[in-house]
Amino acid sequence: MSPSAILDNSEIAHHLQKLPRSQTTKRTMPDSPQKRTALALVDAFNRMDVPAIIAPRTPSCLRHFYPTTMAQPPQDTNTYAKSLNSLRTIFRNFSLTLDELIEDSSNPQRPRICMWLSARADTAAGEYVNEYVWLLDFDESGERIVRTKEYSDNVMARDFFPKLKEAMGRERERKVAEQVQANGLI
């Protein structure tokens, strides 16, 4: 067979079977520090553990939102923590599923991870389902996040969040009415 010959799948399988086992076994590398950090971040979100979500961020880390049509300014770590704490009470049974992770280690001083994620939660307005793409830039240790770029389904956000705001307003009104009735003010 000439080196330029095209092999079909059965021919490739036939040639692979002839190779010594050590040449066909996939070698697994240990996870990089940035991959471990990214996976720990997903785990922290699934537990809604705000301190664990914030912990790997550097003090100067900014969270950027995309697409830019969302017109949201970047969040510093303190603002992000406050936002997460308020969302914890709104999104019940929050789960984040990692659909894909791509690691870029071409620049050892600035490793990156890109994750495609699917989210779901229960809210006062019904089920929340969204998709995100997070681009995480790390320091050279791979253990600290120095910047995040977060892309989300802005059509879903545009349609869902007004419904959520309305449902939360109704919930607040119901609670106030219950308190007034319980205190005999009606």
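This briefing looks at Arg63 and then at the chain around it. The model is predicted, so local features need pLDDT of at least 70 and side-chain atom pairs count only at pLDDT 80 or more, while totals for chains, interfaces and linings use all residues. Residues are numbered from 1 along each chain as its sequence is written, and side-chain values use heavy atoms, with hydrogens and water left out.

- You will find Arg63 in strand E1, which spans residues 57-66; strands (E, at least two residues) and helices (H or I, at least four) are DSSP runs numbered from the N terminus.
- Arg63 has a relative accessible area of 13% and is therefore buried, a term for values under 20%, with exposed over 50% and partly exposed in between (1.4 Å probe, protein chains only).
- The side chain of Arg63 makes polar contacts with the side chains of Gln75, at 2.7 Å, and Glu150, at 2.9 Å.
- A polar contact here is a pair of N or O atoms within 3.5 Å; within protein, one must be able to donate a hydrogen and the other to accept it, and residues adjacent in sequence count only if both atoms are side-chain atoms.
- Leaving aside residues up to four places away in sequence, Arg63 touches Arg57, Pro74, Gln75, Tyr80, Thr148 and Glu150 (contact: heavy atoms within 4.5 Å).

**The chain as a whole**

- The chain has six helices and five strands, in the order α-α-α-α-β-α-β-β-β-β-α from the N terminus.
- Of its 186 residues, 30% are buried.
- Among contacts with a separation of 6 or more, 56% join residues 24 or more positions apart.
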